[in-house]
Amino acid sequence: MKEFKFEIVKKSSEVNLARVGKITTPHGEILTPCFVPVGTKASVKGLQVSDLLDIGAQSVLANTYHLYLQPGKDRVEKNGGFPKMMSWVNNEKKILPSWTDSGGFQVLSLGAAYGTGVTKIATSSLIPSLSPKEKGAVQKNPLAKIDEEGVTFKSIIDGSLHRFTPEISMQIQHSLGADIFFAFDECTSPLATYEYQISAMERTHLWALRCILEHKRLGVSNATGAQQALFGVVQGSGYTDLREQSAKFMASLDFDGYGIGGSFTKSDIKRDVSIATSNLPENKPRHLLGMGEDPIDIFEGVEAGIDTFDCVSPTRLGRHGSIYTENGRVDLTQSKYKDNFNKITTDVKSPLFPFTYSYLSHLFRSKEMLGAILASKHNLYFLISLTSNIRQSILEDRFVKFKKDFCGKYYAKLTV
RNA sequence: GCGGCGAUGGCGGAGUGGUCAAUCGCACUAGACUGUAAAUCUGGCGCCUUCGGGCUUCGAAGGUUCAAAUCCUUCUCGCCGCA
């Protein structure tokens, strides 16, 4: 069986940290930079595996907290792991590369952020001037409570209590059977104080050690029998000193690769990711956890030395009626698209190629599920293509021009 | 023709003397969404506004009352029953 491996295929001739790479897993290769579709509950919402193959998806990422709650780790294990369970296979029926997230994001989404409208990206600079949304944030009845040893979650399904520790997250992820999985970490709120960011980061560091020990103790995946790769997660939020400290600590541990996690201030993402990657070993892959709603985040992530991205935005935005176009993001539910009889895209490979704005507008207004499906597939196609084109542009030493051309169009004023 | 019931904002439908520009749902409209609590959520939705408030509304016209979507009279229209 193939072992986990990462090779740098080419370093960018134009941008310091950017590189083209290849991750080898027991279930195949992932060419980087690339975008990883999120299939939280072993389902990329709205899409079949054949759709994912159509649009060039190389791997899929599922979630530990959600699959643990439903259908439960034992059922997933008895299904042969989540990739086999969802038939994440190529045309030769061979299982494809996969990932699981550790539940660390739910520490934020069900904890400090729960019910507040706070997201991991702060729109304004950290503490002094909060956006109205953030000012109005009032925390009540969080579903996640953190202590030094782990996190107690209330089930989002039935309110029952569940305990996650680094060890338990490792055990669950061994049952889920992904090729690559993440250490259990604490994703903090971008609004937390500096003092809190330090204590949370230190806790995440201690948990990282425990994850490595438990992973070694557990050995190969109980679901697949394959050796899984464990990625440590760099924290530190929007503080450069903490990002550096966290990256150096994680780099000192024996991880197979690294996730850059936690919260960011929108304008500082590139700076903070660069600090993290600069302090990580060059010969190991870096994944930017949960980032990619905005194409500029992907460009800047690549410039900051990121190899892989995952993000729920393409499917969530698509379900909610927004699509990416080369001229920017378009909200198909706006009234002006009812009578727009232009084709949405000239790209024959997009699932939206045959259709007019008016038709998609109709699908969303009449609440036909096909609208959400098509838009989700299109958005994933858009981001997967974007990362693939970025890869090609680096190989051909024209990344800077590609970025300029793309962003010039995407961020110009909409004229649809 | 007689009797009964009904007519409320784009639609459905609350309200049956004062706290009603009028609950609520739908539709409409704008916004949000970055390791999925999300096929979701938030705002607006008579007219005007210096956002304090002002103005005109509940089939039509009159009337009672300090006060009417709510009570009375007539009319118009609709539905049901009897001829």
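**Exercise 1.** Which residues of the largest nonpolar core touch the most other members?

*Solution.* This is a predicted model, in which local features need pLDDT of at least 70 and side-chain atom pairs count only at pLDDT 80 or more, while totals for chains, interfaces and linings use all residues. Residues are numbered from 1 along each chain as its sequence is written, and chains are lettered from A and ligands numbered from 1 in the order in which they are written.

Begin with the terms: a nonpolar core is a set of buried Ala, Val, Leu, Ile, Met, Phe, Trp, Tyr and Cys residues joined through C-beta atoms within 7 Å, and a residue is buried if 20 or more other C-beta atoms, placed from the backbone, lie within 10 Å of its own, exposed if 12 or fewer, and partly exposed in between. The largest such core has 107 residues, and those that touch the most other members are Phe82, Ala183 and Phe231. Helix 14 gives the most to this core, with twelve residues. Leaving out residues up to four places away in sequence, the contacts of Phe82 (C-beta atoms, placed from the backbone, within 7 Å) include Ala42, Leu67, Val76 and Leu176.

**Exercise 2.** Find the order of the three strands in the open sheet, and explain which of them stand at its edges.

*Solution.* Helices (H or I, at least four residues) and strands (E, at least two) are DSSP runs, numbered from the N terminus, and two strands pair if DSSP finds at least two bridges between them. The order is 1-2-3, with antiparallel pairing. Strand 1 (5-11) and strand 3 (28-32) each have a single partner strand, so one side of each is left without a neighbour in the sheet. Strand 1 is joined to strand 2 (residues 19-25) by six bridges, and within this pair Phe6 stands opposite Ile23. Helix 14 (residues 369-395) packs on the sheet, touching strand 1, strand 2 and strand 3.

**Exercise 3.** Describe helix 8, from its span to its surroundings.

*Solution.* Helix 8 (residues 194-218) has 25 residues and reaches 36 Å from its first C-alpha to its last, close to the 36 Å expected at 1.5 Å a residue, where the expected span is 1.5 Å times one less than the number of residues. Among its buried residues are Met201, Trp207 and Cys211. The buried residues of helix 8 pack against helix 7 (166-176), strand 12 (229-234) and helix 9 (240-251). Just after this helix, Gly219 takes a positive phi of about 75°.

Note on methods
Two residues are in contact if their C-beta atoms, placed from the backbone, lie within 7 Å. Axes are lines fitted to C-alpha atoms, for helices over the stretch in contact, and angles run from 0 to 180 degrees between N-to-C directions.
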